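Hi everyone, thanks for coming. Let's have a look at this one together.

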Amino acid sequence: MNRVGFIAGKPAPTRFCAVNSIGENTDTPCGSWLASDEARSASKKICTLLITSLLSLNASAAEPQLKIQAHLQPAEGAMVGGLVELQVDVLTDTWFTSAATLPELKLDGALVTPPDGQAQHLNQTIDGQSFSGLRYSYLITPNVARRFDIPPLTVSATPGQASTAISAQSQPLHFSAAQPPGFKPGETPLVASDVRLSQSLTNSATPLKTGDSITRQLILQADGALAMALPVPSLADVAGLSRYLQTPQVTRLDDGRGNVLGGRRIDAVTYRIDKAGAYTLPAIAVKWWDVKTQQSRTAQVPAISFEATANSAYKPVFSITDDLQQLGRNNPHFSMRWLLWLALLAVCIGVGYWLRPALMRARRQWQARKHARRLAWEQSADFAWQQINPQLQAQPAQLSALYLWLRRSRLGLQLTNAGPRLQGLLRGLYGRQPQTAQTLAQLRESLTTLHNQAEQQAHKPASALRPLNPVHERDFP
């Protein structure tokens, strides 16, 4: 046996054999470096598998939950004119990355105030699982006695760790509103836990005189009622006083955290004293229903009396007497003559409108006759005669108008038919020694004579015989 070769073929001994779970060598001796490398590779594979399993478990975790719960406060015993709070709880098992989107709620016969953006934080445990969220409130004031059905509300939100927005619905609810005792059917009472009515008076001067003013202010506060549901007090007119109503101030009373406590309404009216005398502003009462004692109550303020003396230096801002006089002075007076002229003008306009179709037809007929006369004139011998002189003066001169005149004068197309003078002029134009300019000048001078000769020729009776040697058919007159 070759001992040297056998020893050289064995793996070299190593100091350590085992490795721990993170790939480090332990103190356990090993037989070779090859065994140590295999142990380290297996350890790394196990770690990779563990990390992959943890990541897959985290990725396959369930999507966050969204729950919607709705409640009515109070659940029973709603009154017409009272306040019913619809509480909508938006809950999730993680957290919200943005505000929830709430739907619009409309109820026939009721005034609905949507949430104003403020909400109450909640923490609840449902089926052993912790949820957190926000509570939003819809404020409902019934105006009629009937049953109200609230449909399911669809709310959308984006909880933490959610890939997209999630939507959920609340359960449908209903409630019935009854008319409080002591109020007429159709009357909207003020339903509250407490009502306070106060007034104040402000005089423009002391003592009061004619032309001064007095301002009456009413402050109505109601706990547990909407500000928009507060009734309008009756601020009646008073004889001898001019009334000027001011814009009311309606505000909501809350605790600063979004919880509505009630409402307040401030009304003011200013009376201007037009006449001296004693006056009384009537008392004002507000009837309301107490939800605590379930009784009808009345809040009122007493009447206010005052006196005003005459003021000789006072002049009304708007004098009725002066206004009437100015109105009579500016009122125009129409005489019968002008009325007759206006009536005649109206009759003429009416007749013209009635005769408009006939007038349009007559206008079209007149234009047609005018056009026919124009065409007849352009086809006459006189029209051709007017064109002769301009053509003779043109460069070069033309005789087309002359031939046209001869034809329309029924003298044929031979210039010799117009007279012997014209035949001599033609020799000057087309002879062996033509004298064009001189001949044309003579022709223009003899146009009047030529026209008279043509008229005499036209008045001669036409021969019953045809020409012995006609050259062309057009030579016939």
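I'll talk about the nonpolar cores, and then about some aromatic rings.

This is a predicted model, so to speak of local features we need pLDDT of at least 70, and side-chain atom pairs count only at pLDDT 80 or more, while totals for chains, interfaces and linings use all residues. Residues are numbered from 1 along each chain as its sequence is written, and side-chain values use heavy atoms, leaving out hydrogens and water.

Let's start inside. A nonpolar core here is a set of buried Ala, Val, Leu, Ile, Met, Phe, Trp, Tyr and Cys residues joined through side-chain atoms within 4.5 Å. Buried means under 20% relative accessible area, exposed means over 50%, and partly exposed is in between, with a 1.4 Å probe and protein chains only. The largest such core has 28 residues, and Leu86, Leu105, Ile140 and Ile150 have the most contacts inside it. A second, separate core has 27 residues, including Leu190 and Leu220.

Now the rings. Which residue has its charged end over the ring of Phe183? That is Lys287, 4.6 Å from the ring centre; the rule is NZ of Lys or CZ of Arg within 6 Å of the centre and within 35 degrees of the ring normal. Likewise, the charged end of Arg146 sits over Phe148's ring, at 4.9 Å from its centre.

There are also 4 aromatic pairs. Rings of Phe, Tyr and Trp (its six-membered ring) pair if their centres lie within 6.5 Å; planes under 30 degrees apart are stacked, over 60 edge-to-face, the rest tilted. One of the pairs is Trp377 with Phe383, edge-to-face at 5.9 Å and 80°.
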